[in-house]
Amino acid sequence: MPLKKSLERTPWWLVTIIIIALVLLWNMVSDQSYQRIASALSEGLLTTIGVTFTAFILASFLGLLIALAGFSRHRILREFARFYVEIFRGVPVLVLLFYIAFVGAPEMVKFYNWALQMPIEAGWIEKARTRDFTLLWRAIIALAISYSAFIAEVFRAGIQEVGKGQIEAAKALGLSNWHRFRLITLPQAMRKILPPLGNDLVAMIKDSALVSVLGVQDITQLGKVFSSSTFQFFETYNVVAFMYLVLTLSLSLLIRAFETHLRRNDHH
């Protein structure tokens, strides 16, 4: 019976993925062809991680601001927050990447030069050029803007779950809005927010592959270049898939472990 129960509880999907990953890892270690591919894509792995985490930090900060605007007493801010969320949740990430890269970036440069026209003419600072706005940062900004709309909704839901009684008690104690948010609302909301935020981070890792369309040297772009020059499409995209699998699966398992830890603490 214990063996039967153990077999029933075994996550066979995870066992299968681990076996596939181990086979790919063995090929990468023992086969010189795979070693060469992994070495060529290693720089892209660092770029993917850097783009993802930078964009995620920016998206989380922006998403929090949008969520707070949605709770504002001023209707203009509430309407702006709703407008922002609905617009950027409705635009595909790929479309937003192209828009920021080829429309938004030049317009931002024009605005920068217009706003700082006097110091530029005085020679205190240099005039900005569109080509100085790298494609890497255009991709990061596009990902941050796109995901900030989804993260804003995550923050909104988490903040709404904080009991109103606790907020009223904090008001009775004379705490300011900022202190109520920092000491009571945010710490409790984060317990609800962190798991879905982790899921958004996993999704962003996968969507970061889209930045390859701008020529950013991430895993996907380097894989495309390497396979085109060597015609080793099967081996190259095996390594590409393996790298994304390691990133997303490890993060997913960490998120599940964290959710389990939170549930246990809640029960205690």
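At what angle do helix α3 (residues 32–70) and helix α4 (residues 75–90) pack, and how far apart are their axes? The views below come from a predicted model, in which local features need pLDDT of at least 70, side-chain atom pairs count only at pLDDT 80 or more, and totals for chains, interfaces and linings use all residues. Residues are numbered from 1 along each chain as its sequence is written, and side-chain values use heavy atoms, leaving out hydrogens and water.

**View A. Helices α3 and α4 pack at about 135 degrees, with axes 7 Å apart.** Helices are DSSP runs (H or I, at least four residues), numbered from the N terminus; axes are lines fitted to C-alpha atoms over the stretch in contact, and angles run from 0 to 180 degrees between N-to-C directions. Leu62, Ile66, Ala69 and Gly70 in α3 meet Leu77, Arg78, Phe80, Ala81, Tyr84 and Val85 in α4 (contact: heavy atoms within 4.5 Å).

**View B. Phe98 and Phe102 form a stacked aromatic pair.** Their rings lie 6.2 Å centre to centre, with 20 degrees between the planes (rings of Phe, Tyr and Trp, its six-membered ring, pair if their centres lie within 6.5 Å; planes under 30 degrees apart are stacked, over 60 edge-to-face, the rest tilted). The two residues sit four apart in helix α5 (residues 93–115), so about one helical turn separates them.

**View C. Phe231 and Phe233 make an edge-to-face pair.** Here the centres are 6.3 Å apart and the planes 70 degrees.

**View D. Phe80, Tyr84 and Phe88 gather in one aromatic cluster.** Look back at View A for Phe80 and Tyr84, which are among the α4 residues meeting α3.
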